[in-house]
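Me: I would like to learn how to read strand pairing, helix packing and charged side-chain pairs in a model. Please take them in turn.

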Amino acid sequence: SFNADNTQYVRNMVPNNCLSSSLNIAYWAWETEKLPLAFCKYHEYYDQIWAISNYTRDSILSSINDKEVITIPHCIDPWMIDNFNHFCSAAIKDKLKILNNKFSFGFVLDLQSFGIRKNPEGLLKVFKEIYRNNKDIILVIKVCGSIYGNYKYEKFKSMFQGLNCIFIEEELSKPDVYYFLSKLDCYVSLHRSEGFGLPLMEAMSLGTLSVATNYSGNLDFMNS
């Protein structure tokens, strides 16, 4: 699975005979309301296009109208949702003991995504306003991606000084991620746009209250 903007790079690496003798299906995620025209030509390489959400499907169809686009959403493993606690580490349990007796908010920050789209600064602004009048709250941010030499991340992290906030920067197994999401009182995503919003779906599946922007891919499964 690779996105529209990576199609040409992949085609340059894969021999033509591998593609010509196969059924080629694109599985695309896109976060803007319209797929950029520069990437539209790549649909010709595929027999089918699958989209991760209705929002992404509509984005693609706004630019491509001569090929069927089918929504094939992300899915989660219900067995792991029910059994993650048997496999999570003692380290994550120990780290999150700090959440006891405090109302906890959480967010997954993917450093490989565009910050302007994820809008972590919006979360910081809201948390500051709440924290000013209520010190019995805590914000936990799970960081995905390399933090080393990442100036933008270090600058963002410094903005939380003086607030009750912890950053989980180490890589977590899926059971540990689910433990983190399950221990939160509220998962928050103030995104400007999401292709799907998988952490929101996972948090909701774990019974965690979830609050998000009323826009884009998450509306496939968030309706109130």
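This is a predicted model: local features need pLDDT of at least 70, side-chain atom pairs count only at pLDDT 80 or more; totals for chains, interfaces and linings use all residues.

Me: In what order do the three strands of the open sheet stand?

Reply: Strands of a sheet pair through backbone hydrogen bonds, either parallel or antiparallel. Two strands count as paired if DSSP finds at least two bridges between them; strands (E, at least two residues) and helices (H or I, at least four) are DSSP runs numbered from the N terminus. Here the order is β1-β2-β3, with parallel pairing. β1 (25–28) and β3 (69–71) are the edge strands, each with a single partner, so one side of each has no neighbour in the sheet. The twist from one strand to the next averages 25°.

Me: Over how many bridges do β2 and β3 pair?

Reply: β2 (residues 48–51) and β3 pair over three bridges, in the parallel sense. Ile49 has Val69 in β3 as its bridge partner.

Me: Which strands does helix α4 touch?

Reply: Contact means heavy atoms within 4.5 Å. Angles run from 0 to 180 degrees between N-to-C directions, with axes fitted to C-alpha atoms, for helices over the stretch in contact. α4 (residues 54–61) packs on the sheet and touches β1, β2 and β3; its direction makes about 170° with that of β3.

Me: What is the strand order in the five-stranded open sheet?

Reply: The order is β6-β5-β4-β7-β8, again with parallel pairing. Neighbouring strands are turned by 25° against each other on average, direction ignored. β5 (residues 137–144) pairs with β6 over four bridges, and Val140 stands opposite Ile166 in β6.

Me: Which strands do α10 and α11 lie across?

Reply: α10 lies across β4 (103–110), β5, β6 and β7, at about 140° to β4. α11 lies across β4, β7 and β8, at about 155° to β8.

Me: How many salt bridges does a search of the whole structure find?

Reply: Side chains of opposite charge can pair when their charged atoms come close. The criterion is a side-chain nitrogen of Lys or Arg within 4 Å of a carboxyl oxygen of Asp or Glu. The search finds seven. One of them joins Glu170 and Lys95, with the closest N and O atoms 3.6 Å apart. Glu170 is in the loop between β6 (165–168) and α10 (174–183) and Lys95 in helix α6 (residues 90–95), so the pair ties together parts 75 residues apart in sequence.

Me: Are Glu194 and Arg117 buried or exposed?

Reply: Buried means under 20% relative accessible area, exposed over 50%, and partly exposed in between (1.4 Å probe, protein chains only). Both Glu194 and Arg117 are buried. Their side chains form a salt bridge at 3.3 Å, N to O, and Arg117, Lys118 and Glu194 are linked in a network of salt bridges.

Me: What distance separates N and O in the salt bridge of Lys174 and Glu202?

Reply: The distance is 3.0 Å. Lys174 is in helix α10 and Glu202 in helix α11, 28 residues apart. Lys174 is partly exposed at 39% relative accessibility, whereas Glu202 is buried at 5%.

Definitions and conventions: Residues are numbered from 1 along each chain as its sequence is written. Side-chain values use heavy atoms; hydrogens and water are left out.
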